[in-house]
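Student: I should like to go through this structure one question at a time. Please show it first.

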Amino acid sequence: MYAIVDIETTGGHASSNGITDIAILIHDGSSITKRFHSLVNPGTSIPYFIQSLTGINDEMVKDAPSFNEIAGEVFSLISSTVFVAHNVNFDYSFLKHHLAASGYELNCKKLCTIRLGRRIFPGLPSYSLGKLCHSLNIPNTDRHRASGDAEATAVLFSMLLKNDLNGHVEQFINKKTSEQQLPPHLQKSDIDQLPKHPGVYYFHDNRGKVIYVGKAINIKKRVCSHFTGNNAGKQRQEFLKNVCFISHRTCGTELMAFILEAVEIKRLWPANNRSMKRFEAAYGLYTYEDQKGYLRLVIDKKRKNSSPLHSFNTISEGYSLLHNLIKKFELCPRLCFVQKTGKVCEIHSSDTGCHGACCGKEDAGFYNIRVNHAVSDLKTILPSFLLIGKGRTDEEKSIIMMEQGNLHGMGYVSNKMDFSNLATIKPYLELYPSNDYIRNIIMNHASKYPERVSAGF
């Protein structure tokens, strides 16, 4: 048995919107055997544009039952059937959410008449319900009302069953295809062409604009994971509604996919990428002159519009670099806020390299020369190296080049190339902008996998 369902709602996502109209037609595969229809009081005012679309206003639903009052009947009708709807994931997400709020757990097999329409009647101009009805001469005189759209969907479903010569309905019901999980405007061919390799994928809207960028060690598996589950939240429902096609770029390694994702998010600024937009390194190395004229180096939290000499994701990374500068240029640990205990004049007498700036025994001018040398030499402390990894094929290797602590570029070269000859490698590298996030993930990877790092240059 099939339950052909159509609902009207106060908005596009179930978690904060109500149902205003519901129709359920029980279909035995040949004809309709039972009908259920009811207006529903959503418990909130219906937005004006929804009233204009559906013709349902607050006055009409004032005396209608709440969904909780009809939930038991709705559940008994559909719980043991195959759930059928035009864009089934929308209707199903609403009913699953609101039935759960009333104490019922809905777990039905589903059929989407949009997806079936594309399979069984390929090549039509559009698969929206209105245009599909027009193409197939299906009467629908009560559009955007649950009963009218459900009746039209029932006629469409009967035509789909009659013309299903290749068993698509059975395939969908038996979950031999995951196509029904896809957003309504996304073609299955977009999924079929995705590789099972590391890389970056792009979700585009109907105008071709990128609305989300993601990275994966297996592009196809990761993309498909976006479309599983029945999250009824606004963010997910709006996201799925706007995904129309997918493109991708294959990478040799997961690290390269991480880097490319970060670059592309900064370049494209997609509406649905949020976490990486907010990424900022947490700490920075700053310099300033104190009241006595001594230049001070300090690790501090990064602040908006500040310009640190260098930035770090962790405070330990910052202090590690600062300790190297102190040792190399014989700077005062106290003036660098590294040593905070002991009497001032005891510091320079110990094995710290301090010449007495902390207690006024070294002139500020002489001390500041060494601080300026340390700042100038900062770039030479930051590492330059190659990260060599797997290529996209067995015949190549991937190369990530770091120069003075920043990403220079990455690309692919032949296995037979001499990796010690930078002049021959550089033309194969695509240049990329560097930032704190990219630098940190590369440095962490290099620290974790030192065998992949070439000698410095």
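Student: With which side chain does the side chain of His 204 make a polar contact, and at what distance?

Tutor: This is a predicted model, in which local features need pLDDT of at least 70, side-chain atom pairs count only at pLDDT 80 or more, and totals for chains, interfaces and linings use all residues. Residues are numbered from 1 along each chain as its sequence is written, and side-chain values use heavy atoms, with hydrogens and water left out. A polar contact is a pair of N or O atoms within 3.5 Å; within protein, one must be able to donate a hydrogen and the other to accept it, and residues adjacent in sequence count only if both atoms are side-chain atoms. For the side chain of His 204, the partner is the side chain of Ser 247, at 2.7 Å.

Student: Is His 204 buried or exposed?

Tutor: His 204 is placed in strand β6; helices (H or I, at least four residues) and strands (E, at least two) are DSSP runs, numbered from the N terminus. Buried means under 20% relative accessible area, exposed over 50% and partly exposed in between, with a 1.4 Å probe and protein chains only. Because its relative accessibility is 9%, His 204 counts as buried.

Student: Which backbone nitrogen lies 2.9 Å from a polar atom of the side chain of Asp 205?

Tutor: Asp 205 sits in the loop between β6 (199–204) and β7 (210–216), and with a relative accessible area of 9% it is buried. Leaving aside residues up to four places away in sequence, Asp 205 touches Ile 211, Asn 242, Cys 244 and Phe 245, where contact means heavy atoms within 4.5 Å. The backbone nitrogen in question belongs to Arg 207.

Student: Which residue of β2 is the bridge partner of Thr 9?

Tutor: Eight of the eight residues of strand β1 (residues 2–9) are buried. Eight bridges join β1 to strand β2 (residues 19–27), and the two run antiparallel; strands pair if DSSP finds at least two bridges between them. The β2 partner of Thr 9 is Ile 19.

Student: Which residue of β4 is the bridge partner of Ala 3?

Tutor: β1 pairs in the parallel sense with strand β4 (residues 82–85), over three bridges. In β4, the partner of Ala 3 is Phe 83.

Student: Which strands stand at the edges of the open sheet formed by four strands?

Tutor: The sheet has the order β12-β13-β14-β15, with antiparallel pairing. An edge strand here has a single partner strand, so one side is left without a neighbour in the sheet. The twist averages 25° from one strand to the next. The edge strands are β12 (385–390) and β15 (429–431).

Student: At what angle does α12 run to β14?

Tutor: Axes are lines fitted to C-alpha atoms, for helices over the stretch in contact, and angles run from 0 to 180 degrees between N-to-C directions. Helix α18 (residues 436–448) lies across β12, β13 and β14, at about 75° to β12. α12 also lies across β12, β13 and β14, and its angle to β14 is about 135°.

Student: How far apart are the end C-alpha atoms of α12?

Tutor: The expected span of a helix is 1.5 Å times one less than its number of residues. Helix α12 (residues 254–268) has 15 residues, so the span should be 21 Å. The separation of its end C-alpha atoms agrees, at 21 Å.
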